[in-house]
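User: Please take me through the model below, and for each label you use, set the value against its cut-off before you conclude.

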Amino acid sequence: MNLKICGIRHLSEIRLLNQFARDSRTLKYFGVILFFPKSHRNISLSQAKKILAEKSPRLQSVAVVVDPTEEQLEEIRDAGFDVVQIHGTLPTLPPSYPLPVWKAFNGDEVRDLDVYRSNPLIQGFVFDNGDPGSGMTHNWNDLVGIRHAIGARMFILAGGLNPDNLASAHEILSPDLADVSSGVEKIDRTGKDPDLVQKFIKEGDLIENNNVSCS
């Protein structure tokens, strides 16, 4: 299981992730939220480019968007992101679109999974709670069996994860990627808490090490 730290807003945060990524087996991705001013984690594309310029090659960047336009997806491509994660409506994309697409489902939207399974551009599915970014978890047991439904595509779990429940989530669902944001934020929500980020990563590495030892 790999990890993604989402909602990165500050250069200090990407520098922190760069440090942790040097020694971590599981920290592979970080996400930034774009074109969605309703979120307090939303940043401008110009700020995102500054963050991308600082990132370690050990990390892959994910642009997280809601109901994006085709023009916005072109801007994401041109900015140099590695992946685009789409909540809401998926616009028509040309087969030549170069970035892997992760389609996110919020709560009961998972019922629409069949609509997207045949799309060859979608390389991963994100399963979040009904109120993304709220820090609230959802009933993981409802997703048991979802791996069979999505085949070889990446299974990404989000929604209410934190250092204390990551092991339980892994035991129940064994996702390919665990995606955290609120669970590693400061109390005042002004940014990531370095201690919580480190604790989350250490927990992910411990789970991975135990899996390797048991295999």
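Predicted model: local features only at pLDDT ≥ 70, side-chain atom pairs only at ≥ 80, totals over all residues.

User: What makes Ser61 count as buried, and which residues does Ser61 touch?

Analyst: With a 1.4 Å probe and protein chains only, buried means under 20% relative accessible area, exposed over 50%, and partly exposed in between. Ser61 has a relative accessible area of 0%, and therefore counts as buried. Taking contact as heavy atoms within 4.5 Å, and not counting residues up to four places away in sequence, Ser61 touches Phe30, Leu52, Lys55, Gly80, Phe81, Asp82 and Val83.

User: How do you know that the buried residues of α3 line one face of the helix?

Analyst: The buried residues of helix α3 (residues 70-79) are Gln72, Leu73, Ile76 and Ala79. The test is an arc, taken from the directions that lead from the helix axis to the C-beta atoms; for α3 the buried residues fall within 120°, so they line one face of the helix. The face turned away from that buried side carries Glu71 and Asp78, which are exposed, whereas the buried residues pack against β2, α2 (45-54), β4 (60-66) and β5 (83-87). Just after α3, Gly80 takes a positive phi of about 100°.

User: What puts the buried residues of α6 on the same side of that helix?

Analyst: Helix α6 (residues 166-173) has Leu166, Ala169, His170 and Leu173 buried. They cover an arc of only 100° around the axis, and therefore lie on the same side of α6. Just after α6, Ser174 takes a positive phi, here of about 50°.

User: Why is the pair of Tyr29 and Trp102 called edge-to-face, and how many aromatic pairs does the structure hold?

Analyst: Rings of Phe, Tyr and Trp (its six-membered ring) pair if their centres lie within 6.5 Å, and planes under 30 degrees apart count as stacked, over 60 as edge-to-face and the rest as tilted. The structure holds five such pairs. The ring centres of Tyr29 and Trp102 are 5.1 Å apart and their planes stand at 65°, so this pair is edge-to-face. Because Tyr29 lies in strand β2 and Trp102 in strand β6 (residues 101-106), the pair ties together parts that are 73 residues apart in sequence. Tyr29 and Trp102 are both buried.

User: What kind of pair do Phe105 and Phe127 make, and why?

Analyst: Their ring centres are 5.8 Å apart and their planes at 20°, so Phe105 and Phe127 are stacked. Phe105 belongs to strand β6 and Phe127 to strand β7 (residues 122-128), which means that the pair ties together parts 22 residues apart in sequence. Phe105 is buried at 2% relative accessibility, and Phe127 is buried at 2% as well. One aromatic cluster is formed by Phe105, Tyr116, Phe125, Phe127 and Phe155.

User: How do you know that Lys103 lies over the face of Phe105?

Analyst: A charge sits over a ring if NZ of Lys or CZ of Arg is within 6 Å of the ring centre and within 35 degrees of the ring normal. Lys103 lies over the face of Phe105 at 4.7 Å from the ring centre, and also over the face of Tyr116, at 4.9 Å from that ring's centre.

User: What makes β9 a partner of β1 and of β8?

Analyst: Two strands pair if DSSP finds at least two bridges between them. Four bridges join β1 (residues 2-5) to β9, and the two run parallel, with Ile5 opposite Val180. Strand β8 (residues 154-158) pairs with β9 over three bridges, also in the parallel sense, and there Ala158 has Asp179 as its bridge partner.

User: Where does Ser24 lie, and what makes its approach to Asp205 a polar contact?

Analyst: Ser24 is in the loop between α1 (11-23) and β2 (27-34), and at 10% relative accessibility it counts as buried. A polar contact is a pair of N or O atoms within 3.5 Å, where, within protein, one must be able to donate a hydrogen and the other to accept it, and residues adjacent in sequence count only if both atoms are side-chain atoms. The side chains of Ser24 and Asp205 make such a contact at 3.0 Å. A polar atom of the Ser24 side chain also lies 3.0 Å from the backbone nitrogen of Thr26.

Conventions:
Residues numbered from 1 in each chain as written. Heavy atoms only, no water.
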